[in-house]
Amino acid sequence: MKLSAFGCLTGLVVLLSAPALAEDEIKIGLIEPLTGSVAYNGNSVVEGAKLAIGEVNAAGGVLGKPIKLVIEDGQCQPANSVNAVEKLVQKDKVALLVGAFCSSATAAIMPVAQRYKIPLITAVSSKADLTEQNNPYFFRAAETDALMARAFAKILATSLKLTNVAYIGVNDDWGRGGVEEFSHDLSDLGVKKAMVDYFDHGSTDFFTLLAKLRVAKPDGVFVAAETQDGSILVKQIREMGIDTKVFGVGSWATADFIKLTGDAAEGIYAAVPYASSMDAPRNQAFVKKYQDAYKIKPGKYGAAGYNALQIAAAAIARAGNVDPEAIREALHKTRYEAPNGIYQFDAKGQAYGFEAVLVRLQGGEPKVVASSPVDAPH
Amino acid sequence: MDLFLQFLTNGLVVGAFYALSALGLTLIFGLMRVVNFAHGEIYMLGGVTGWFFTSALGLNFFAALALVIVSMAVLGWLVDRFLIERVRDQGEEAGILLTIGLSIFLANLTLLVVGPAPMKVVGPLTEGPVFLGPVVLTKLRIVAVAIGIILIVGANLLIRKTRLGQAMRATFQDPMAARLAGIRTDHIYACTFALGCTLAATAGMLLASIYSAQASIGGLVSLKSFVVVILGGMGSFPGAVVGGLLLGVAEAMWGGYVATGMVDIIGFALVIVILLFRPQGLFATRVERA
């Protein structure tokens with residue numbers, strides 16, 4: 001009896017809180033991890049996204065209406081992300097979706113977006129096969145592991161003089177993908193594989209893994225890890241007294257990574273699609289705006305969120321209405337001038353044309369050592 | 001062989017950290033019969049306040065540690081007097097619900113105030129390697145293990161030898177008799193909870209100087225601590241120590257010789273084995289509540 005009364009009450013609350021049909025704004029749904037082990041990176045995406053929406057609205061919005069960003073916490077979990085999408089589509093009636101952060105979560109929400117026929121842009125998820133699933137509603141405004149590996153394998157092998165490399169990645173789709181792609185491309189260049197090992201999200205102690213690394217004696221170690229795991233791992237590599245070249249993928253070219261890692265960050269290399277030190281006028285303007293808003297230089301994820309929402313807003317403006325099919329068509333015609341180059345989508349929805357950079361952390365700043373355009377995949 | 005020694009040392013160091021993290025949980029359960037699901041969040045708060053005192057206020061590590069101990073003891077005391085007291089003697093479920101709610105509240109409050117970014121506690125020592133024969137360690141780790149041992153022994157002595165400890169054990173054995181003997185049991189419960197929180201927060205700060213502090217690590221810490229406590233036996237002090245070391249060494253060996261990618265499986269496999277063959281844990285003192 002109590003239970004059913006509770007049920008009635010919840011139903012009532014849901015009914016009462018249903019929106020009073022605000023048609024005077026355009027809603028975009030954003031699903032990012034706001035809690036959990038990658039919450040910090042997810043929040044950077046949200047910061048960038050808010051900055052972009054602020055700019056668009058300050059310039060009068062799109063189609064004469066302001067854009068409203070509806071943010072949901074997907075926790076990087078497939079199930080929670082799917083729930084978030086259901087809520088965004090059914091209750092908030094968003095015109096377009098942006099998210100989710102982790103590749104496995106994005107893979108889970110892609111079929112949902114397709115079922116509701118709502119375009120979905122991911123700003124981050126880089127697992128290569130997401131764009132191979134023939135989902136016409138899916139767009140990836142980000143690099144893939146394969147594209148990054150192809151852009152940088154040769155530069156890395158020659159400029160760091162690598163002959164024998166160990167690979168360490170976080171144990172999920174993204175980490176495993178990064179390790180596979182880089183080891184594949186570096187092996188093609190004749191670089192030997194000294195060791196491959198993975199660790200779980202949220203691990204804090206890497207001494208056991210690093211003991212194995214010390215015995216393998218590589219002249220370089222590739223790491224696929226995000227800010228928190230990566231900073232602790234790099235720090236412990238130096239604590240163990242292992243003096244090898246460290247390079248990798250993840251949000252390493254950020255002020256926070258450098259602050260957390262301390263002196264151990266000195267001299268490591270990171271292949272990133274964005275660094276605040278990229279030398280382009282558009283980027284300098286973006287860095288200044290970001291710093292004014294958040295007192296911190298933008299990193300990979302701040303820029304990713306910013307770019308995705310700029311692309312989304314421009315597509316809605318081009319579509320001329322909020323019909324999902326029109327927005328989808330407009331997205332295919334994207335030619336967006338980002339701080340880090342020009343974004344266009346190929347037929348599968350994969351972005352290309354923007355610059356990716358190899359940075360070296362020096363004196364607490366990411367210095368760009370090489371830059372390479374991310375080409376359309378064949 | 002060298003590699004084996006390195007794995008063993010890693011396991012023992014991490015195991016000592018596990019034991020230290022789990023101590024507060026087992027203490028509160030053993031003495032108060034409260035399953036504290038907010039344990040991980042108290043640990044997290046220790047790290048975050050430690051960060052605040054060292055990095056934001058620029059205090060010395062040990063001065064900051066003292067401040068963390070005092071502030072967390074006060075917090076623990078207040079939580080018991082204002083929250084846990086209301087559900088005392090209403091069975092374990094009420095306490096579980098209360099502490100789950102508290103854990104959600106604390107984690108989200110911290111997210112709101114300091115944000116989700118990882119934070120660094122400035123340690124008391126430099127972080128260079130120390131070579132002991134074939135084994136590599138850092139000074140900070142050696143110091144942390146030493147502080148951990150001091151805390152474990154200290155807490156044990158407090159419970160075994162002092163008047164307060166006697167009163168705690170008396171209250172736990174028979175609250176009614178303890179009250180009749182003139183013990184202020186409310187005060188004792190609050191002190192016990194404060195002690196448990198202090199231990200958890202100290203562990204949090206100590207380990208945040210080696211790893212990092214973050215608002216959302218509480219859940220993972222609680223989970224590992226429960227593994228340790230179930231292995232050792234709920235409420236047993238030596239059990240927590242042995243459980244922690246066992247888990248640390250088992251993880252290091254599995255990570256070293258099999259794969260580090262699935263290391264979290266080990267703790268739970270051990271728990272299943274223990275529950276099948278020795279459900280009271282390795283060291284449980286089978287005491288019934290009066």
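Q: Let's start with Asn135(A): does it count as buried or exposed?
A: Buried. This is a predicted model, and in it Asn135(A) has 10% relative accessibility, which is under the 20% cut-off, so it counts as buried.

Q: Where does Asn135(A) sit in the chain?
A: You'll find Asn135(A) in the loop between strand 4 (120–122) and strand 5 (138–140) of chain A.

Q: And what does Asn135(A) touch, leaving out residues up to four places away in sequence?
A: Its contacts are Met110(A), Pro111(A) and Gln114(A). Asn135(A) and Met110(A) are 25 residues apart along the chain, and their C-alpha atoms are separated by 7.5 Å.

Q: Nice. Switching to helix 10 of chain A: which residues are buried there?
A: Asn283(A), Phe286(A), Val287(A) and Tyr290(A) are buried in helix 10 of chain A. They lie on the same side of the helix, because they cover an arc of only 100 degrees around the axis.

Q: What is on the other side of helix 10 of chain A?
A: Pro281(A), Lys288(A) and Asp292(A) are there, and they are exposed.

Q: What do the buried residues of helix 10 of chain A pack against?
A: Two helices of chain A, namely helix 2 (39–58) and helix 11 (300–319).

Q: How far apart are the end C-alpha atoms of helix 10 of chain A?
A: They are 20 Å apart, and this agrees with the 20 Å that its 14 residues (281–294) should span at 1.5 Å a residue. Just after helix 10 of chain A, Lys295(A) takes a positive phi of about 60 degrees.

Q: You mentioned helix 11 of chain A. At what angle does it pack with helix 12 of chain A?
A: About 115 degrees, with the axes of helix 11 and helix 12 (residues 324–332) of chain A 8 Å apart. The crossing of these two helices is right-handed.

Q: Which residues of helix 11 and helix 12 of chain A meet?
A: From helix 11 of chain A, Ile311(A), Ala315(A), Ile316(A), Arg318(A) and Ala319(A) meet Ala326(A), Ile327(A), Ala330(A) and Leu331(A) from helix 12. By class, that contact has eight nonpolar, no polar and one charged residues.

Q: Last one: what covers the buried residues of helix 6 of chain A?
A: The cover includes helix 5 (145–159), strand 6 (164–170), strand 7 (192–199), strand 8 (220–224) and strand 9 (245–249) of chain A. Among the buried residues of helix 6 of chain A are Trp174(A), Gly178(A), Phe182(A) and Leu186(A).

Conventions: Residues are numbered from 1 along each chain as its sequence is written. Chains are lettered from A and ligands numbered from 1 in the order in which they are written. This is a predicted model: local features need pLDDT of at least 70, side-chain atom pairs count only at pLDDT 80 or more; totals for chains, interfaces and linings use all residues. Side-chain values use heavy atoms; hydrogens and water are left out. Helices (H or I, at least four residues) and strands (E, at least two) are DSSP runs, numbered from the N terminus. The expected span of a helix is 1.5 Å times one less than its number of residues. Buried means under 20% relative accessible area, exposed over 50%, partly exposed in between (1.4 Å probe, protein chains only). The arc is that of the directions from the helix axis to the C-beta atoms. Contact means heavy atoms within 4.5 Å. Axes are lines fitted to C-alpha atoms, for helices over the stretch in contact, and angles run from 0 to 180 degrees between N-to-C directions. A crossing is left-handed if the near helix is turned anticlockwise from the far one by less than a right angle, and right-handed if clockwise. Ala, Val, Leu, Ile, Met, Phe, Trp, Tyr, Cys and Pro count as nonpolar, Asp, Glu, Lys and Arg as charged, and the others, Gly among them, as polar.
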